[in-house]
Amino acid sequence: MNKRLIKDLQKALGQEGVLWRPEELLLYEYDASVERALPDAVVFPRTTQDVVRLVRLANQYEVPIVGRGAGTGLSGGALAPQGGLLVVFSRMKRILEIDLANLRAGVEPGVVNLDLTRAVEDRGYYFAPDPSSQKACTLGGNVAENAGGPHTLAYGVTTNHVLGLELVLPTGELVEVGGKTFDTPGYDLTGLLVGSEGTLAIVTKIIVRLCRLPEAVKTLLGIFETVDDATETVADLTARGITPAACEMLDQFCLGAVEAATHAGFPLDAAAVLLIEVEGLREAVEVQADQVEEVCRAHRAREVRRARSEVEREKLWAGRKNAFGAMGRLAPNYYVQDGVIPRTKLPQTLRAVIEIGARHGFQVGNIFHAGDGNLHPMILFDARDREQFARVVAASNEMMKFCVQMGGSITGEHGVGMEKQEMMPLLFSDDDLDAMARVKQVFNPTGRLNPAKMFPLSKSCGELRVRPLPQRAGA
Amino acid sequence: MPAATDQLETLRAAVRCSVATDAESRGRFSVDGVTPSAVVEPENAKELIEIVRWARAHRAGLLPVTSGAFLPIGNPPAAADVAVSLARMNRVLDYDPGDLTFSVEAGIGIAAVDKLLGEHGQFLPGLAPYFERAGVGGLLAVNASSPLRYAYGTWRDFVLGMRFVTGEGRLVKTGARVVKNVAGYDLSKLMIGSLGTLGIITEVNFKAFPLPPARASFVVGFASLEAALEMRNRIVHSVLQPTVLELVDRAAAQLLPLNTLSPAAWSLLVAASGVEAVLRRYETELAALARETKASSFTPFWREHPLVPPVPSAVEGSGVEGSALWAAVRELIARAREAHPAATVAKCTLPLTQVGAFLTKAAQVAARYELPAAAHAHAGSGIAYIYLLPPADGPDASRRTCPEGVARRMAQAATEMIHAGNNFGGRTTIPWCPTEVKRDVNPWGPVRDDFPLMQKLKAQFDPDRVLNPGRFVGGL
Ligand SMILES: Cc1cc2nc3c(=O)[nH]c(=O)nc-3n(C[C@H](O)[C@H](O)[C@H](O)COP(=O)(O)OP(=O)(O)OC[C@H]3O[C@@H](n4cnc5c(N)ncnc54)[C@H](O)[C@@H]3O)c2cc1C
């Protein structure tokens, strides 16, 4: 990389704010996806003004610039496929304002998701979107990916909780969109920016809504002898209008790994379990828990357990939230998919997913946000075997096609990134993609910010790009 | 366009749908003194595209409408040559009750949607004014607010995807029909509340919600605004999760055709839903809060709730009440404008803690300009509405046009409210006012730093400015 640029970066951020030696960059070649790409330099701004300086330098030297939170993204969003600067927000992690009276907080993008809730929970509040990675992932990353989580079933995903943003545009201009209040006049640029995968602007401040913690919570574990019974329970809960706060499914394959890692008390011999939580006023929670249990039993649940203590509850959730990590026990690598389907199509889609995996010679684990119809099939494989990885890609591609055929989508929360660009035409026509390209043209006309993401690179529809072989997949 | 007849001939030649030019059809979509030269009613997106392409070619301005109920919102049109009515694009395309999702054409009436969902024990939380008339497309275009927003959010929170025709005549799809999806930019967000200036919405996919098993409302009267807001604060920061939290003052209550509302200076209207045991709990706790905050009255209404379906005819006359209270509150704007066609309505979006200060200031401003005023707020969401009414003793109280002097006072008062909104950390717009008032006040308030981005988006989606030109923020 250009030595003068490094000098200028160091002048702007100080020596310790810039990494550029090849061995220092290795850590930033990955996120939690199977993609990889090396940046030319990694920079750590402390302030919005630092970010403005970095963007200007990127423009001056005509190098790409990519934002990065914790690097837990599962679609390669935080990688620099064309090199350039990787802007890591680990030094911009101040909670700038907690305004409980107005149920708002203002944060820097590097604040870790769970840290925000930690800062307000003893006063009875929390930030509702709770990705399973919430101990590590940042709010900047959540905004970019429009992250969901187990409890977003009832409370909505990130976009439903973000009201305003401070942005550094790829030109280096500073702009505020939205604000502390609802219904800001003009186009809803905040809504447009959330979920734009860091391709439109760098986010330097986020204004979020805080919610009141519920009075009561009950956690149930429905234990099933067949996967169909579990998925039909989910479809039936939805159809009956019983909306739990969370409704997660773990199949047998995952249960083994999770139980070995966490000893939460998950049954090892069940085909699937549903981890269901109901929240609200005491009186409501009692009734809802009974309703959930009744539906589980109507679909032949072998047992419906209720967590008897907060410790038991936390163990179950720790099992769920650390599940991806636990999968590492089963195979050297895994590849997590992220399809969405209407909940009425859940049973047949899960059958198809398992069948597709088997046909390609893989066992597929399923641990996912069932209540949202958001599947996360997890394909275990050995990345050292090149041919295996090609089959993994083929199998997951087929799974996503099936989701689209069911009227669904290729990603519910992990984003398109570098991973699903070539699948975009499965969902969108040229005109649809052109409309998105025009939005990008408005914000990021040179394409210097987070290049080669989200939009298909090849012209041929639905054809997969050959990917580099992953070294280490998953997190 | 120069509404010359030969131009209309080219329109007739270019599009398949009928082109109405009679005075009555055109008059229905007259806005701020501008009457379109023709009204077209496309039956599908293809026909709509033909119309947009024609407009581009002829530099004509299009006025997209569903019911027309919300047409007065916005700046006077820079051009409104042809009104494009979506009245014929009113089909339900798909409904999967088991998935709680559905898809409709944008011209469908919200009441028809509500009826269909109700048959399956579901609903859409968009109970906006002009409910019996309003079309889905218009409600989305103005991002019409519903009292249910406190619990369910606004349109942006339950639209899953849509199709729209851009100003270049391209049909674009965004989102999908599943409850969670992050593939591509979320263009639905751009379209909602954009007043049809980026595209004409043709189809919308929604998330539906299950109707709660039991519902009730509580009306709490207060002698002072401070006390009413104190009760609101206690509710907002408690574990109670009511579905609705509205505030009306006496003048607003008097606009409603109801005697259920207390004659208190301020009434806090709370609606809750859930099982019976939950409603009992609300009654106990709200009654206690009302006592603590020195309320002058506390009245439960066991059958009132915005989500109470109309009284079934079988029980009519047997003392069972329908949802009269909430139907009335929902229609407050419609009522006020019916009684006072010259009413000017300011909407201010505020931090919760500033609602009181704004309402107080607004009342002072209205008094200073000698304009009777009524106040209403989505109190739990920080949205306040001030209704400036023409002086009651004036000869022109109910006239559609606004006498010069009154219009000037209204414009000045509205301008002050725009400033006040800013000072209290919020933003004021003037969604409803007579044309005369728009001469002296910008209904959208001043633009901000993000305006150049909005202009560029407009240029990308509607480069020739055929869609509702001039009507939106900053003349977009
Ligand atoms: C074990 C595990 C469990 C997970 N569970 C969930 C889950 O339940 N739900 C879910 O939605 N996701 C989940 N994820 C995915 C991931 O955690 C989320 O996408 C998260 O939002 C990414 O945050 P991050 O800080 O790691 O962002 P990164 O991966 O660092 O970056 C993600 C994207 O954000 C952009 N970005 C980051 N900061 C900024 C900024 N300041 N300005 C502009 N762009 C920026 C990057 O350029 C990139 O495109 C999981 C991942 C793992 C590994």
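Visitor: How many salt bridges does a search of the whole structure find over all chains?

Guide: The search finds 68. A salt bridge here is a side-chain nitrogen of Lys or Arg within 4 Å of a carboxyl oxygen of Asp or Glu. This is a predicted model: local features need pLDDT of at least 70, side-chain atom pairs count only at pLDDT 80 or more, and totals for chains, interfaces and linings use all residues. Side-chain values use heavy atoms, with hydrogens and water left out; residues are numbered from 1 along each chain as its sequence is written, and chains are lettered from A and ligands numbered from 1 in the order in which they are written.

Visitor: Which residue does A:Arg313 meet in a salt bridge?

Guide: A:Glu277, at 2.9 Å, N to O. The pair links distant parts of the chain, 36 residues apart. A:Arg313 sits in helix 11 (residues 310-321) of chain A, and A:Glu277 in strand 14 (residues 272-280) of chain A. Helices (H or I, at least four residues) and strands (E, at least two) are DSSP runs, numbered from the N terminus.

Visitor: Now the chain pair. How many residues of chain B are in contact with chain A?

Guide: 71 residues of chain B, against 83 residues of chain A. Contact means heavy atoms within 4.5 Å.

Visitor: What area is buried there?

Guide: About 6,300 Å² between chain B and chain A, with carbon and sulfur atoms giving 59%. Buried area is the accessible area (1.4 Å probe) that two parts lose on being put together, summed over both. B:Lys180, B:Val182 and B:Tyr185 supply 15% of what chain B buries against chain A, more than any other three residues.

Visitor: And how many salt bridges cross the interface of chain B and chain A?

Guide: The rule finds 11. One of them joins the side chains of B:Arg156 and A:Asp188, at 2.9 Å, N to O. There are also 30 residue pairs in polar contact across the interface of chain B and chain A, both residues at pLDDT 80 or more. A polar contact is a pair of N or O atoms within 3.5 Å; within protein, one must be able to donate a hydrogen and the other to accept it, and residues adjacent in sequence count only if both atoms are side-chain atoms.

Visitor: Which element of chain B gives the most to that side?

Guide: Helix 17 of chain B, with seven residues. By class, the side of chain B that touches chain A has 31 nonpolar, 21 polar and 19 charged residues. Ala, Val, Leu, Ile, Met, Phe, Trp, Tyr, Cys and Pro count as nonpolar, Asp, Glu, Lys and Arg as charged, and the others, Gly among them, as polar.

Visitor: Switching to chain B itself. How is chain B divided?

Guide: Into domain 1 (1-211 + 448-476), domain 2 (215-330) and domain 3 (339-438). Domain bounds come from an automatic or database domain assignment. The centres of domain 1 and domain 2 of chain B, taken over C-alpha atoms, are 34 Å apart. Their contact takes 12 residues from domain 1 of chain B and 11 residues from domain 2 of chain B.

Visitor: What do those two domains bury between them?

Guide: About 1,100 Å², 70% of it on carbon and sulfur atoms. B:Leu127, B:Pro147 and B:Tyr150 supply 52% of the area that domain 1 of chain B buries against domain 2 of chain B, more than any other three residues. The salt-bridge count between these domains is zero. The side of domain 1 of chain B that touches domain 2 of chain B has 11 nonpolar, no polar and one charged residues.

Visitor: Last topic. Which residues come nearest the ligand?

Guide: A:Gly67, A:Gly69, A:Thr72, A:Ser133 and A:Thr138, of the 37 residues around the ligand. Near means that a heavy atom of the residue lies within 4 Å. A polar backbone atom of A:Gly67 is 2.6 Å from an oxygen atom of the ligand.
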